[in-house]
Amino acid sequence: MLGPNDAGVALGHWHTIVRDVDATKKFWMHMGGTPLQVDGTAVIKMPGVLIFLTPGEPAGGNDGNRGTAIDHPGFNMRNGVELMNKLKAAGYKVDPIGAPEYGPESGYVTTPDGLRIEMQGTPNSVSKRPQLAFTGKNLELPIASDHLHYFLPESAPPEAQAWYGKLFGANALRENNRSNTLAGDLPGIRLRFAASRNATAVLPTKGRALNHIGFEVKNLESFCKKLEANGIKFDQPYSKSRHKGYASAELTDPWGVTIELTEGLNRL
């Protein structure tokens, strides 16, 4: 994990629901992850993010997170052709898109539970677009967490950008792409706020393949008090004992994204 921003926040983890823990471990290990155990839960450590694997039946069948406020997460990769071919040879669904601004190796790969993962190649040297990834991104890593792509009601992207900026210190920006996507940068992740093409409302993430996201927070107890003072209501209040290895709290954003705040996972 990267160190926190001025608000004390950085990307911490993604919490997924999986039908077969061993099969999903193998998927992430093909991607370059390292398996861990955290308080009895299987976890994959990827550069920049921990991925929790909780056994269960994700809602939505094999649709992953389609229709929810977070459609998919994304990684940046070097040697993308090699990795995508490796994933395809292992039997995973690979859908290359070959966007020239990212490089011909870019595309999507789908987890055993239907969660689409966007795979971005390092932007090529001839692209005139600015670097799209979060501040502090290390392009020398073979693979690293890159972004979370939100699909929101048409009027919601500026509201989401402001909400994540106010509460978590996400640095607001507008990406120089075809749709001028609004975004917010946190250490370890870029939050991309796109307008959904098909809905005036979106489904919550709770219960889906990507059940919730996690931010690692410095001085979490005092941070939660500040959020409460700003009118935030917690689904689960701050606790040092809910988990053995780390403190946590949980809330839901206005668009249905469940967010767990933790302190202590950065030791892993």
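The model is predicted: local features need pLDDT of at least 70, side-chain atom pairs count only at pLDDT 80 or more, and totals for chains, interfaces and linings use all residues. Residues are numbered from 1 along each chain as its sequence is written, and side-chain values use heavy atoms, with hydrogens and water left out. The protein chain holds four helices and 16 strands. These are DSSP runs numbered from the N terminus (helices: H or I, at least four residues; strands: E, at least two).

**Overall figures**

- Of the 268 residues in the protein chain, 54% count as buried. Buried means under 20% relative accessible area, exposed over 50%, and partly exposed in between (1.4 Å probe, protein chains only).
- The accessible surface of the protein chain is about 12100 Å², and carbon and sulfur atoms own 50% of that surface. The areas come from the Shrake-Rupley method with a 1.4 Å probe; for residues, only the protein chains shown count as cover.
- Among contacts in the protein chain with a separation of 6 or more, 67% join residues 24 or more positions apart. Contact means heavy atoms within 4.5 Å.

**Sheet with β1**

- Eight strands make an open sheet with mixed pairing, in the order β2-β3-β4-β1-β13-β16-β15-β14. Two strands pair if DSSP finds at least two bridges between them.
- Its edge strands are β2 (34–38) and β14 (236–239), each pairing on one side only.
- Neighbouring strands of this sheet are turned by 25° against each other on average, direction ignored. Axes are lines fitted to C-alpha atoms, for helices over the stretch in contact, and angles run from 0 to 180 degrees between N-to-C directions.
- Helix α3 (residues 156–168) packs on this sheet and touches β1 (9–18), β13 (210–217), β15 and β16. The direction of α3 makes about 20° with that of β16.
- Helix α4 (residues 220–229) also packs on this sheet, touching β1, β13, β14, β15 and β16. The direction of α4 makes about 145° with that of β16.

**Strand β15 and its partners**

- Six bridges join β15 (residues 247–252) and β16 (residues 258–263) in the antiparallel sense.
- A247 faces E263 in β16, and E250 has E260 as its bridge partner there.
- β15 and β16 form a hairpin with five residues between them. In the turn, G256 has a positive phi of about 100°.
- β14 and β15 pair in the antiparallel sense over two bridges. S239 stands opposite S248 in β15.
- Five of the six residues of β15 are buried, so this strand is largely enclosed by the rest of the structure.

**Sheet with β5**

- Another open sheet of eight strands runs β6-β7-β8-β5-β9-β12-β11-β10, with mixed pairing.
- The edges are β6 (94–96) and β10 (171–174), each pairing on one side only.
- The twist averages 25° from one strand to the next.
- β7 (residues 107–110) and β8 (residues 116–121) run antiparallel, joined by four bridges. Y108 is opposite E118 in β8.
- α3 packs on this sheet, touching β9 (143–152), β10, β11 (182–186) and β12 (189–195). The direction of α3 makes about 155° with that of β12.

**Loop residue E57**

- E57 sits in the loop between β4 (49–55) and β5 (70–77).
- E57 counts as exposed because its relative accessibility is 56%.
- Beyond its neighbours within four places in sequence, E57 is in contact with I17 and R19.
- E57 and R19 are 38 residues apart in sequence, yet 5.6 Å apart in space, C-alpha to C-alpha.

**Pocket and cavities**

- On a 1 Å grid over the protein atoms alone, a cavity is a set of points where a 1.4 Å probe fits but cannot get out, and a pocket is an open set with protein on both sides within 12 Å along at least five of seven lines; lining residues have an atom within 4 Å of a point. Grid points are joined across faces, edges and corners, and a volume is the space filled by probe spheres set on the points.
- The second largest pocket holds about 210 Å³ of space. Of its 13 lining residues, D6, A7, G8, F223 and K226 are the closest to its centre.
- α3 and α4 are the elements that give two or more residues to the lining of this pocket. α4 gives the most, with four residues.
- Two cavities of 30 Å³ or more are counted. The largest cavity has a volume of about 50 Å³.
- T16, I17, V18, T24, W28, T111, D113, L115 and A209 line the largest cavity.
- β1 and α1 (21–30) are the elements that give two or more residues to the lining of the largest cavity. β1 provides the largest share, three residues.
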